[in-house]
Amino acid sequence: MSPSLQNWIDIFVRVLDKLPLTLLMMVLSLFFALLIGLGIAIIRIQKYRYLYGIATLYLSFTRSTPLLVQLFLVYFGLPQLLLIINVDINHWDRLVFAIMAFSFHTGAFLSEVIRSAYLAVGKDQFEAAYSVGMSYSQALRRIILPQAFLISLPNLGNNIIELLKDTSLAFTIGIIDIMGQVRIILGNNHGIGMFQIYVVISLVYWATCIIIESLVGYAEKVFRKGHVGLSK
Amino acid sequence: MAIVDFKFALEQVPAVLKGVPWTITIAIVAMLFGLILGLLIALCRIYKVPVLNQLSILYISFIRGTPLIVQLYVFFYGVPVLVDYLNPRLGLHIDADEIPPLMYALVAYTINTAAYQAEIFRSSINATNAGQMEAAYSVGMTTRQGLTRIVLPQALLIALPNLGNVFIGLIKATSLAFAVKVVEVLAISKIIANDGYRFIEMYLVASIIYWVLCLVCEFILFKLEKRMSRSETRMGLNASV
């Protein structure tokens, strides 16, 4: 094997080594973001008086400031702010801050996905459910949510891919994920150019995105099938 | 020493505002060139131009499947490699070190945003009724005339909200320009914050600046959309009379 090919494979192995951390960040952030998004969506749908204003402000802030600023605010700002009430979180792991920032950011986008999917199902579905004697929670669980889930799947998939790409910013606060691995590789291996490493990294992200995309596409197919079966 | 020093934050606002022109330059230039490039790519895909169509699909997939910051790094470290490769072969004498960082940023952001704009144009051109083009043919227009006079004005109107989102996305994306050594709003805030250990103040200042920028853009886009849709309803009325 030629030495340059060996180099490329070497970098690949080292970058892939950190893929689990990136995926872990993504999955955990996605989980918390879904919770936040659901909460915000319910507040905005039900129009709770004071909470509605706060939720709207949160959405506006999150969607019109760069993620990087939010990440820095959470990582540098939050511990400083909590010191006022004598809570010291400086010793927390960096990963916690990163996941907090990503959840906070993605939650805003997911809440709009959930809200629009809920609204897209339409009021008449609710009325139909009430007319056969279902309660609100029954209608929600049996009629509305299954349909809303299907509607939201493509958007959800897009947001998951966005989130995966967003995790590439975690290296700015010192997390050694795929991007953070660059420094280590450079430290160990002076002969290799930065260009090579970033090409490898982009290929890894690209492949991961394509896998997620096809998974979401598969899920869409599976759930749509069930949908058709039910309506017959 | 107060934990959150608002006086300090206020004093630093003018310094951070010096980064705003960079942010806006990158966003506007990338947007304009992205519009042209995106439109060309969209047309390649709609008319299924051989080779170019496949290349466009690959390009769009790559741009949308990798983080912007990785693209910036690939571009920033890739251009010198390319220049080294091309110089002896083409007899050029370009010094990669002399290319200004802003140039890197402008080109890289254009390449990035063109992929997103291409998809927007593709969907909006497809959204205009196919009969429009047939009608244009029926009165003797060529394909180019039909596109520029009939289809594109309508497609642009449909695309406007999405293009607005892309522009706001670009403004936020400029916060990553530190990767190609451009010192804009966030980079300035970071430098000041590191100097005085004033993180929360400086990042709040930065976030408010971005927030205001985005709100202003949103407002302008809202006005623009209203204006353009007004002209559309007027056109619709004239046609129906």
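Helices (H or I, at least four residues) and strands (E, at least two) are DSSP runs, numbered from the N terminus. The views below show a predicted model, in which local features need pLDDT of at least 70, side-chain atom pairs count only at pLDDT 80 or more, and totals for chains, interfaces and linings use all residues. Residues are numbered from 1 along each chain as its sequence is written, chains are lettered from A and ligands numbered from 1 in the order in which they are written, and side-chain values use heavy atoms, with hydrogens and water left out.

View 1. A salt bridge is a side-chain nitrogen of Lys or Arg within 4 Å of a carboxyl oxygen of Asp or Glu. Over all chains, the whole structure holds eight salt bridges.

**View 2. The fold of chain A.** Chain A has nine helices and zero strands, and its pattern along the sequence reads α-α-α-α-α-α-α-α-α. The C-alpha trace of chain A spans about 75 × 55 × 25 Å along its principal axes.

**View 3. The second largest pocket.** A pocket is an open set of points on a 1 Å grid over the protein atoms alone, where a 1.4 Å probe fits, with protein on both sides within 12 Å along at least five of seven lines; lining residues have an atom within 4 Å of a point. The second largest pocket holds about 470 Å³ of space, a volume being the space filled by probe spheres set on the points, which are joined across faces, edges and corners. Its lining has 17 residues, and A:L38, A:I114, A:Y118, A:L145 and A:A148 lie nearest the centre. Two or more lining residues come from each of α2 (19-46), α5 (94-121) and α7 (136-166) of chain A; α7(A) gives the most, with seven. The lining has 15 nonpolar, two polar and no charged residues (nonpolar: Ala, Val, Leu, Ile, Met, Phe, Trp, Tyr, Cys and Pro; charged: Asp, Glu, Lys and Arg; polar: the others, Gly among them).

**View 4. The contact between chain B and chain A.** Each chain supplies 35 residues to the contact (heavy atoms within 4.5 Å). The area buried between the chains is about 3100 Å², with 78% from carbon and sulfur atoms; buried area is the accessible area (1.4 Å probe) that two parts lose on being put together, summed over both. Zero salt bridges are counted between chain B and chain A.
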